[in-house]
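Dear colleague,

Please find the structure below, handed over for your use. My notes on its pocket, its surface and its backbone follow.

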Amino acid sequence: MLKKIIVSNKQMYRHMSDFVTQYNENHIPTTPFQKLLLSVGSATVSLFDPQRADMIATMGETTGTCALKYMRDKMITNPEGNEILQYINNIYCRLQPRINTSTVDLDKLKCMPENTLGYAYFQFLNHNKVTPDSRGSVQFIDDVQLAYVMQRYREVHDLFHTVLGMPTNMLGEVTVKWIEAFQTKLPMTLSGGLFGAIRLKPKQRKQYVQHYLPWAIQTGLNSNFMLNIYFEKRWEQPIEELHKELNIKPLEIVDLK
């Protein structure tokens, strides 16, 4: 009986980890002036080299305090979002859901019905040759609660791509950034949408202006807050049903190289 309880608890908390411990190991305290220097430097590097994920992450952390408070409050006031935060009686629990290869059973997702979120997420990762382990740890956010919100945002970014049906090429990334900008208010997402579009190829730019950007703006303004979705408990949900719940009408993808 005890063995069954232990196994059950392991399954229940498989998708969680001690974020606070990881945060304490990686946190780098900085003064407001240091944050300003980091934000300016990271923004400059990101503008000239958008492949520098570390600089984009630093920019997000050093410029996103107000937006992160907005995101946190949106989650706290939503039952499912609040469950993700593990915010109980004004106290944040040590265990929060995480998305990486040690918490998500990708082999299980691969075997799910093709119309489910779990299968779609596995296919997205496999097709684009990306891994949920690619998201770095938060370093420059001094509030552990807001740090977790940023970490959560990073770890569900690929799920946003999955739900929105967007590829990982520049056109897909810029489109997702616009939707994230409306949803999260993070300055980093807005700059990604604005300056990322400059790097689009001529054919992509035409499609972007005619179809992708209008769809992204409409979706960003009208869709429900995606960070309130406890994705780990939704793997078996038909993705079409999730689209209706989030008020998202998928855009028919045009394959552009």
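**Largest pocket**

Helix α4 gives the most to the lining of the largest pocket, with 7 residues. Helices here are DSSP runs (H or I, at least four residues), numbered from the N terminus. The structure is a predicted model, in which local features need pLDDT of at least 70, side-chain atom pairs count only at pLDDT 80 or more, and totals for chains, interfaces and linings use all residues. Residues are numbered from 1 along each chain as its sequence is written, and side-chain values use heavy atoms, with hydrogens and water left out.

A pocket is an open set of points on a 1 Å grid over the protein atoms alone, where a 1.4 Å probe fits, with protein on both sides within 12 Å along at least five of seven lines; lining residues have an atom within 4 Å of a point. The largest pocket holds about 1200 Å³ of space, the volume being that filled by probe spheres set on the points, which are joined across faces, edges and corners. Its lining comprises 38 residues, with Pro 50, Ala 53, Ile 56, Glu 173 and Lys 177 nearest the centre. Two or more lining residues come from each of α3 (32-48), α4 (53-63), α9 (144-155), α10 (157-164), α11 (170-184) and α12 (187-196). By type, the lining divides into 15 nonpolar, 15 polar and 8 charged residues.

Leu 47 belongs to helix α3 and is partly exposed, at 37% relative accessible area (buried is under 20%, exposed over 50%, partly exposed in between).

**Loop residues**

Most residues other than glycine have a negative phi. Lys 129, in the loop between α8 and α9, has a phi near 55° and is exposed at 76% relative accessibility. Lys 185 lies in the loop between α11 and α12; its phi is about 70°, and the residue is partly exposed at 45%.

Kind regards

How values were computed:
Ala, Val, Leu, Ile, Met, Phe, Trp, Tyr, Cys and Pro count as nonpolar, Asp, Glu, Lys and Arg as charged, and the others, Gly among them, as polar. Buried means under 20% relative accessible area, exposed over 50%, partly exposed in between (1.4 Å probe, protein chains only).
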